[in-house]
Amino acid sequence: MLTLDKVYHASFQLKDVIRRTDMIMAPKINPDCEVHLKTENLQVTGSFKVRGAAYKISQLSEEEKKKGVIACSAGNHAQGVALAATKNGIKSLICLPDGAPISKVEATRKYGADICLVEGVYDDAYNRALQLKEEKGYTFIHPFNDEDVIAGQGTIGLEILEQLPDVDVVIVPVGGGGLISGVAFAIKALKPNVKVYGVQAAGAPSMERSIADGKIETLAEVSTIADGIAVKEPGDITFDMCQKYVDGIVTVSEDEIAAAILALIEQQKLIAEGAGAVSVAAAMFNKVDLKGKKVCCLVSGGNIDVTILSRVIKRGLLKSGRTFSMTIELLDKPGQLKGVSETIAEQGGNIISVHHERASEGSDINGCYLRLVLETRNFEHIEAIKNALVARGYLIKSY
């Protein structure tokens, strides 16, 4: 049975292992409320996961430690277990899905763990880890469905209340539910009036669907850039705790996650992975009623692969109105391109890509198409450019 004493004990045990991460203001995330960020993306190993993993390992018996530990992970729990095990002189084997970002796989290896890549997603890695546990006698360190792990994650709740004592709302990423279970338990035990909301990717809404249905649901598949929370089925412990302590769970789209990652880079100079940014996406896009509230968004991790980051930035620019594509139908005669570019320049737009092609079947025989990609300030700026082009007689075919 999880108790507040256990969470405080975890906080004491972890004081020489983890970093007490900063709480910083983020005034531009949502102008209707006061947003603060709990920066667990700046934690040792780049994620909150080291808290639960290190506390769990600290509570193992000498016999369990001698057997070595095994874990399954999409990447962040893997690094936490590897670091904690190596610090304690314990052998560790980590099962990771073969689609885990290369940066997370290599970081786990560097922390001293042996790696077993498993075809599929997190749940496939979990099944393989259980199989190896039985075969080899390892001690299994569950990434979320374990009271010691949940107690370790709950230390974030204690820190949030110390750093932001008058907080009204705490928004937490949710995968299997270990993080939000610990945070919500600690916060509700100390300040029951504080609202705690969970956020999942729309492509992996296992806890959201389970809570809505009142029973644990297993998704047929998951698909999201937020690989750290791509979990098909929540745990029974975490499901019960979410039912009891969490005020609601919402979902965010891939484009919303991308926009949140971009906002954190530009506005806060912070790198967050998809799973870490979902809390910020929920605040940015008003998934929860936050008007006039003091809000803490828990940025749970920053271990994003740079190749994914480049694609996410591109998506984020589109979602936030920073880039814009359109096709204009023109008459194929001199001066048309000059007129379009002048109009866009007058409105302060910047053309970054031009593709000109003569008209295809079904269009005017004297016509041509101009496909443009523009850098813009926001959606209002895009509308101003479109209106200016239309006012000068240009026909916008698509955008």
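Tutor: A residue is called buried when its relative accessible area is under 20%, exposed when over 50%, and partly exposed in between, using a 1.4 Å probe and protein chains only. Strands (E, at least two residues) and helices (H or I, at least four) are DSSP runs, numbered from the N terminus. This is a predicted model, in which local features need pLDDT of at least 70 and side-chain atom pairs count only at pLDDT 80 or more, while totals for chains, interfaces and linings use all residues. Residues are numbered from 1 along each chain as its sequence is written, and side-chain values use heavy atoms, leaving out hydrogens and water.

Student: How many residues of strand β10 are buried?

Tutor: β10 covers residues 294-299 and is mostly covered. K294, C296 and L298 point one way, V295, C297 and V299 point the other way, and all are buried.

Student: In which sense do β2 and β10 pair?

Tutor: Two strands pair if DSSP finds at least two bridges between them. β2 (residues 34-39) and β10 share six bridges. One of the bridge partners in β10 is V295, which belongs with V35. The sense of the pairing between β2 and β10 is parallel.

Student: Which residue of β10 stands opposite I171?

Tutor: Strand β7 (residues 169-173) runs parallel to β10, and three bridges join them. The residue of β10 opposite I171 is C297.

Student: Which strands stand at the edges of the sheet?

Tutor: Six strands form an open sheet with mixed pairing, in the order β1-β2-β10-β7-β8-β9. An edge strand has a single partner strand, so one side of it is left without a neighbour in the sheet. The strands at the edges are β1 (23-25) and β9 (248-252).

Student: Which residue of β9 stands opposite Y197?

Tutor: Strand β8 (residues 195-201) and β9 run parallel and are joined by five bridges. The residue of β9 opposite Y197 is G248.

Student: At what angle do helices α14 and α15 pack?

Tutor: Two packed helices are described by the angle between their axes and the distance between the axes. Axes are lines fitted to C-alpha atoms, for helices over the stretch in contact, and angles run from 0 to 180 degrees between N-to-C directions. For α14 (residues 336-346) and α15 (residues 379-391), the axes are 9 Å apart and the angle is about 140 degrees.

Student: Which residues of α15 does α14 meet?

Tutor: Contact means heavy atoms within 4.5 Å. On the α14 side the residues are V340, T343 and I344. In α15 they meet I385, A388 and L389.
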